Amino acid sequence: MHHHLDAPAVVRALAPDEPVILNRPHAAARAARFFVEKFPGKTLYAVKANPSPDLLKVLWASGVTHFDVASIAEVRLVRATLPEATLCFMHPVKTARAIREAYFEHGVKTFSLDTHEELAKIVEATDHASDLRLCVRLRVSSEYAELSLASKFGCDLTEAGALLQATRQVADWLGVCFHVGSQAMSPFAYVQALDRVRAAIADASVVIDMIDVGGGFPSVYPGMEPPPLEDYFEIIHRHFYALPIAYNAELWCEPGRALCAEYNSLIVKVEKRRGDELYINDGAYGALYDAAHVAWRFPVRCLNGDRAGEATAFSFYGPTCDDADFMEGPFTLPSDIAAGDYIEIGMLGAYGAAMRTAFNGFGQGDVIEVMDEPMASLFDGSRQREARDNVVSLR
Ligand SMILES: Cc1ncc(COP(=O)(O)O)c(C=O)c1O
């Protein structure tokens with residue numbers, strides 16, 4: 001892989017016709033160390049957010065030893081990349097063949113489930129194994145998250161007691177997991193979810209060995225400035241200790257976004273300008289999926305130093321022939337930006353670089369390592385915690 005100082009250096013050296021993904025391993029390493037050192041339990045990485053083998057190795061080298069995998073392809077990828085890693089198959093709906101291969105060929109013991117059918121499938125596919133570590137996924141609110149994960153997975157409180165009891169019968173080790181939705185903008189999301197966990201455990205009256213508070217930890221984007229992550233960790237810790245669980249119960253989290261958002265940015269070229277619309281060479285079918293489909297705003301900067309126009313709001317069209325290949329933004333750039341200019345789009349490490357497709361013949365382009373800071377960071381020491389009272393008021 002080529003190395004350069006930063007995005008302007010890449011443009012000077014290559015004047016690329018295709019979009020270029022920039023990797024910042026130092027930023028991912030810093031995020032991983034932050035979680036490993038400060039989260040009051042074990043940190044798993046949710047591989048779906050960005051399955052780049054280079055990134056997996058950076059996280060491993062920074063102390064992340066457990067990985068949340070959601071498909072047999074992710075199981076194989078992580079096992080091939082990190083032979084010593086502990087893999088946890090946390091998709092609540094799996095095929096029997098995937099469970100069997102994961103258990104017998106890749107040493108996966110931890111599986112999540114949210115129905116009696118999935119429980120029976122896991123037991124059968126592992127030939128009634130006696131060393132299963134099973135996590136019952138509870139449905140919780142996504143009220144505080146920018147992207148909901150409240151509809152698809154998780155059993156309701158009314159079903160949780162019976163499912164926990166049935167799972168306890170066959171599990172060597174029993175956990176409860178949930179997901180508060182992605183980019184949770186308040187720590188209170190976890191308080192609400194842990195209250196639900198408490199109700200489920202009280203109903204089931206079984207011994208619980210682990211609580212997994214899932215992902216949802218935020219990153220920082222234009223218009224989305226979350227509180228410091230330490231506030232999340234503190235509140236989770238406090239509410240975890242108040243649960244009626246085994247004295248040696250473990251606390252887990254499985255962030256995707258927070259660990260990898262700062263890892264990637266993207267250099268795109270402006271192919272055409274039409275008023276305040278810029279036609280760029282990546283889009284809805286590339287790394288800008290979220291910008292198009294859920295109007296996510298990413299930070300941008302013009303890489304042509306001689307553009308001095310006032311800050312102006314632009315929207316983007318991607319390169320395919322599809323009208324839906326449109327990113328409304330607003331993306332703030334100099335008013336005199338023109339065709340032929342380059343733009344860096346930041347914070348694309350989570351659900352960005354991983355989303356690229358080959359639709360319409362696009363999706364190619366270099367991957368280059370750079371050494372500068374990401375366009376925003378939760379981990380560079382610039383974000384101070386606010387007065388304690390703000391946290392205490394959440395309970
Ligand atoms: C089971 C599970 N865990 C963790 C994550 C990662 O979530 P986030 O990227 O919001 O931290 C996801 C994302 O969909 C998920 O489905």
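Predicted model: local features only at pLDDT ≥ 70, side-chain atom pairs only at ≥ 80, totals over all residues.

In helix α8, the buried residues are Ala189, Tyr190, Val191, Ala193, Leu194, Val197, Ala200, Ile201 and Ala204; buried means under 20% relative accessible area, with a 1.4 Å probe and protein chains only. An α-helix has 3.6 residues a turn, so residues three or four places apart point the same way. The cover over the buried residues of α8 includes α7 (157-170), β9 (173-177), β10 (182-184), β11 (210-212) and α9 (229-241). Helices here are DSSP runs of H or I with at least four residues, and strands are runs of E with at least two, numbered from the N terminus.

Residues are numbered from 1 along each chain as its sequence is written, and side-chain values use heavy atoms, leaving out hydrogens and water.

Now for the whole protein:

| Feature | Value |
|---|---|
| Helices of the protein | 12 helices |
| Strands of the protein | 19 strands |
| Box filled by the C-alpha atoms, along the principal axes | roughly 65 × 50 × 40 Å |
| Buried share of the 395 residues | 56% |

Finally, look at contacts, meaning heavy atoms within 4.5 Å. Among those in the protein with a separation of 6 or more, 74% join residues 24 or more positions apart.

Notes
Buried < 20%, exposed > 50% of the residue type's maximum accessible area, 1.4 Å probe, protein only.
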